Every structure is written in structure tokens, then in C-alpha cells.
Amino acid sequence: MNYDLIVIGSGPGGYVAAVRGAQKGLKTAVVERENLGGICLNWGCIPTKALLKSAQAYNYARHAEAYGVKVADVQADLGAMVDRSRGVSATMNKGVEFLLKKNNVDVIHGTATLLPGGRVSVDGTEYQAQHIIVATGARSRVMPSMPQDGQRIIGYREAMTLRTQPKTMLVCGSGAIGSEFAYFYQSIGTQVTLVEFMPQILPNEDEEVAAQMSRSFRKMGMKVMPSASVEKVDIEGDVCHVTVKDLKKNTETVIDVDVVLSAVGVVTNLEGLGLDECGIKHERGKIEVDDYYRTSVPGYYAIGDVVHGPALAHVASKEAICCVDAIVHGSAPKVNYQNVPGCTYTTPEVASVGLTEKKAVEAGHEVKVGKFFFKASGKATAAGNTDGFVKVVVDAKTDLILGAHLCGDNVTEMISELVAAREQGITARQLAAAIHPHPTMSEGVMEALEAAHGEAIHA
């Protein structure tokens, strides 16, 4: 069968590309070997948020008396939490199926292989298309020191579907995935040790944000070990003997846990795709593309985790729109990789965009920094969650917002204001002049911006 556009992969990059293509009048098909929605919807962004919501509900119930509510016999039921999480994913999966059907996108189930001449083979059946987009995503990286067996040494998929709650767990890697799972399991009563190779947890975040998260995690009872590495894991019966090296002291410690979760990043799904056979250039697990996601071979494109850039769902979706619009119109607004927000959905949450204070100074900017701590927030105090702050980094000469770094309750819902301001060139004074409703957490953005100019009332 002939198509104008075939998209391989139905994650947040793939299904968005397919829907956009159909909206633009292209006869479109999407190929998926597993479940519609990809990793994000089925094994990543969405089901983890469902688990984290369950943990939040459990902790509210545990501390209900602090809010004047008496609750007896509060228990965490991991199996029920997992069932709810899987149900949320199933609902969203049906939603993607509906979107594709509504937009007349054909769904081809199976494993795709690229062929020269604008062809795609799906389990032996060939399809032709003028344009082919690769959006095959990524999977959990397996480290030699932690070979995953799916039971004692696990990846994010198994962590999402455990039926029995481990008493102890070691999480290796403190990026968004590792930190979220560490928080979830610690919240429901598992004793967690979080190991991070870099000098701070959440290595991509501002140093002060990382320090706040370390304090919050430790306050929960979690053991946090930055500047450390997992050297090996010896499994003896039901126990994992984990050798952890302190990189500063050059000493080793053996930590015994029930389960080890490897959260040390992802590796792209490019094996067997036929890139070399088609002459498509790629290096170190990434396909080479231009600003419109065109590969080295005309008619073939790539978006999402398989190209260079942040491996984030919202980035993949944005790349999908840019790619398809460029196919149809010849050009399109390019993705601004300097203005990509990052979010971590722990408690407190973390959200950031732009340069950290350190990187801004290293880049030669003269900066003004404004901070607002949520302990001064009426809304945060009323909610009982005052950990965290808003920090803004402002160019002293232009007053443009170089970066924003938030840690606190619901800050992932607040970062978009700062992303939009940066995208449109709105200055710190201009954004601070906008009336922010009281009482809200978002007042902290206004207060931090005013603090950068020495004019904050409450900061």
C-alpha cells in the first residue's frame, strides 16, 4: 500500500507526527510493535505519575491529623497502586487509539524495517511512502555492573509493576526516573538508598535545587549517596550484596538490599531498523538530522530520543510538529533547544528552564539572582508543604530571564509561565509586573523576579 507519510513508533513523537500529517492532508500510517503511546504513555511519564499520586494520597492519609482529620489503619497496597497505574495507562492508550482513528491514520501493528527507495517492511509486508519518520524511542540502559534479571536487578518497567513491596531498595541513578522511583518507594515504606555518580543528585539541575532535594529526601529517611558508583552486585538467595564505591574517599561499602533498580539512562531503539542498508548516517546511537529532522537520505526523517537533544516527551512532540510542517510547507519554526523545561515529579517537585546560575556566569553573563522561599508563602503554609523555593537568574544588562529553577509543591505546573516569558523575550520586570493571584504558589515567581531587583516584599 502507498502512503504519503509513514511514522515508525507511536510515542509522543510518533503519534503526534502521524496526527499532524493527517491534519495536513497527508495519507498517513503509523507502525507500532507494542502498545500505542510508546514508552511515555505505557511505561514512563503517565503510569509513574499515577504511582506518585498514590504515594501522595497515602502520605496525606498518614499525616491526616496535621490537617484536623482522623484516619485509622492507613496501609500502602502496592498491588492496588500498580493496578490503578496500569488502568490509567490503558485509558490513555485508548485515547491515542481514538485520536489516530479520528484523524484517519492507519495503524499497522508489527516490527518495521527501513528499506531503500521509500519503503518500509513490517513483518515481511512492504509499504511505500514519500516520507518516512523514525520515532522509535529508547529503552532502559543496562550496565555491566548491574545486569538486569527482572527480579533482583530491575529496570523502570519492572519497578512500575512490582506486586510485592521490597523492604529495602538501592536505586542507581538520580535523574528524573531514579529520583521519582526512589521517592515513591521511600514514601510507601521501603528503605531506599539513592546512589549517584555525579557530585549532586539531579545532576542537570541547579546546585541549590539539588541540595534542597537531598535535604527533603533525607528528611524522609532516604539514604542519599552522591559521588558514588555501583561496582558490582552479588546475588545470594533473596539478597543483593551491592558494592558501592565512594569516589571522594576511594573506599568501598557493601550494602544489602532486596532489589536494585538501575536508572542510569536510556539507549535508543535503532537495532535492526535498516539504517545502514538505507545509507542513513548515525553515530553512537543517534541519527544525524538537520534543523527540520531530515536525515542524510532524502525522504527519511527522525525525531525524539533517536536524535540529539533532550530525551523528553514534550521535546519529541515539538520536533514532530516541526518535522511534519517542514515536510508540507518546506520550512517551519525551529525547535528552541535553549528553552526546554525539565520536570521531576517528586515531593517536592522540581522544574527548571534555561541556564543555571553557575552556567550563566561561565557563559560570561553578569547576573542578578532572585529567590523566594516557600516558607514565606501563605498557600504553601496552608497546604503544609513549605520545602523549596523559586530561583531566577536574570541578565543584569538586558533584564532577560536567563534561567529559572523551582523546587516545591506543584512547581511543574508553574514553569510554563517562565518558558513563555523566555520564548517571547519578556523581561524580568515585565513579568513581575503581571498581577499574580493571592494566595498561590505562583506568587513565588513574581516575588523572586522582584527580589532580583531588590524590590520584593516578602522574599
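Analyst: Cys 40 is buried in this predicted model. Its relative accessible area is 15%, which is under the 20% cut-off. Cys 40 is joined to Cys 45 by a disulfide, with the sulfurs 2.4 Å apart. Cys 45 is partly exposed, at 29% relative accessible area. The torsion about their S-S bond is about -130 degrees, so this disulfide is left-handed. A search of the whole structure finds 1 disulfide.

What about Cys 278? Its sulfur lies 16 Å from the closest cysteine sulfur, that of Cys 323, and this is too far for a bond. Cys 278 is buried, with a relative accessible area of 11%. Cys 343 is in no disulfide either. For Cys 343, the nearest cysteine sulfur belongs to Cys 45, 11 Å away.

Now the nonpolar packing. The largest nonpolar core has 36 residues. Val 171, Phe 181, Phe 184, Tyr 185, Ile 188 and Phe 217 touch the most other members. Several elements give two or more residues to this core, among them helix 3 (45–62), helix 4 (78–102), strand 9 (168–172) and helix 7 (207–220). Helix 6 gives the most, with 5 residues.

Take Phe 217 as an example. Beyond its neighbours within four places in sequence, Phe 217 is in contact with Ser 179, Tyr 183, Leu 194, Ile 201, Met 222, Val 224 and Thr 346. A second, separate core holds 28 residues. Leu 36, Ile 133, Ala 320 and Ile 327 are included in that second core.

Key: Residues numbered from 1 in each chain as written. Predicted model: local features only at pLDDT ≥ 70, side-chain atom pairs only at ≥ 80, totals over all residues. Heavy atoms only, no water. Disulfide = S-S within 2.5 Å. Buried < 20%, exposed > 50% of the residue type's maximum accessible area, 1.4 Å probe, protein only. Core = buried A, V, L, I, M, F, W, Y, C linked by side-chain atoms within 4.5 Å. Helix = DSSP H or I, 4+ residues; strand = E, 2+ residues; numbered from the N terminus. Contact = heavy atoms within 4.5 Å.
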